[in-house]
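Subject: Structure handover

Hi,

Here is the structure for your files. My notes follow below it.

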Amino acid sequence: MKQFGITPKILEFEHCHEVGAHFQIGKGDLVFISDRTDEHYFKDTISNEAYRVNYRKYVSGEPTDVMVEKIYADIKDYQYTRVFGIGGGTILDVAKLFALKNTVPVVDLFNKELEIIKDKELILIPTTCGTGSEVTNISILELTAISSKFGLAVDELYADYAVLVPELLNDLPMSVFATSSIDAFIHAIESYTSPKANAFTRLYSKKAMEMILTGYQTIVEQGPEARKSLQKDFMIASTFAGIAFGNAGCAAVHAMSYPLGAVYHIAHGEANYAMFTEVFKTYAAIDPNGSIKELNLFLAGILGCEPAFVYEEIEKLLNHILLKKALRDYGVTKVDLETFTEAVMTKQTRLMANNYVPLAREQVLGIYTKLY
């Protein structure tokens, strides 16, 4: 049985020009990168012979199957052997699909009705500190036919190289820093209580949680600009969390956030935060004596509180970084709660299989209702 693995080779550079010098990006390379990131960080390091794709030209929100097919139509005649994804999790997830021999129709790909063969080298370079996508074998898209986010998880989506460059976080807005780093924290905590977790994944989960929470404590004490001195720590913590959940999986928090994000176009990390503490309180109420007991003791040590109060203390801390909202504040209706529950129970079984304890339909609806 597979216990643990890190597939991509992880490279670290201090500056973006070192990335260009190392990889010599040019002819035969397909590069997913925003115009802004290109201009600010890679202007003189990526040859004009490379084919650049600015995915923001194709969509204003989260990536969809329709967007991927539009990109494919534009680049299908370009011959390339390497794919570079330089950006946040959305860009990285899309770039992964173009390292495959067969990319479209996207719905068929995600339903595994296409032969899945990786035939290009894949290099992923995150510009946020959240998704951990650079080290996972997962691509998440909104599939428009079902109006929900859906994941494809196959080993062919692993990158050959995951490249960490803290310089890319220099001008990350506080709002993006908040949503992305909270996403990383939730990756770490969900993977810790997954039935697939083991000693190796929990090592990465715990270190990621520790780095992120202590980083937040520093930001609360010293102000938002203090995050600038912690950029490298947060980027590494995000990758640690990616390694953990890439092996052990995420669960109900992510499953329940996907309909919310797909329908109301809420940033992924923010949608996760809306779900997070209520899901874990529900877990603890059902079975307080398993791995969640170990988790709460660990978190209590970082937060300086009793284990019974860790989720209240986490919310207090995280609310300094990103204020939690009720679901109705996003425009969610009571009818949505039933629709969301149905989507979770029927479309997100891959994630729900990783729950600390099984959650029935009534319990999922109950969580949504409490958060409403």
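The second largest pocket holds about 170 Å³ of space. Bear in mind that this is a predicted model. Lining that pocket are Tyr72, Ile75, Lys76, Tyr78, Gln79, Tyr80, Phe98, Leu100, Lys101, Thr103, Asp119 and Lys120. Six of these lining residues are nonpolar, two are polar and four are charged.

The structure has one cavity of 30 Å³ or more. The largest cavity contains about 40 Å³. Its lining consists of Leu169, Leu172, Phe177, Arg227, Lys228 and Gln231. That lining splits into three nonpolar residues, one polar and two charged.

Now a helix pair. Helix α7 covers residues 199-222, and helix α11 covers residues 291-303. Their axes come within 10 Å and cross at roughly 30°. Angles under 35 degrees count as roughly parallel, so α7 is roughly parallel to α11. The crossing of α7 and α11 is right-handed.

Which residues make the contact? From α7 come Arg202, Lys206, Met209, Glu210, Leu213, Thr214 and Gln217. From α11 come Ser291, Leu295, Phe298, Leu299, Ile302 and Leu303. By class, the contact of α7 with α11 has seven nonpolar residues, three polar and three charged.

Best wishes

Notes:
Residues are numbered from 1 along each chain as its sequence is written. This is a predicted model: local features need pLDDT of at least 70, side-chain atom pairs count only at pLDDT 80 or more; totals for chains, interfaces and linings use all residues. Side-chain values use heavy atoms; hydrogens and water are left out. Axes are lines fitted to C-alpha atoms, for helices over the stretch in contact, and angles run from 0 to 180 degrees between N-to-C directions. Helices (H or I, at least four residues) and strands (E, at least two) are DSSP runs, numbered from the N terminus. Angles under 35 degrees count as roughly parallel, over 145 as roughly antiparallel, 65 to 115 as roughly perpendicular and the rest as oblique. A crossing is left-handed if the near helix is turned anticlockwise from the far one by less than a right angle, and right-handed if clockwise. Contact means heavy atoms within 4.5 Å. Ala, Val, Leu, Ile, Met, Phe, Trp, Tyr, Cys and Pro count as nonpolar, Asp, Glu, Lys and Arg as charged, and the others, Gly among them, as polar. On a 1 Å grid over the protein atoms alone, a cavity is a set of points where a 1.4 Å probe fits but cannot get out, and a pocket is an open set with protein on both sides within 12 Å along at least five of seven lines; lining residues have an atom within 4 Å of a point. Grid points are joined across faces, edges and corners, and a volume is the space filled by probe spheres set on the points.
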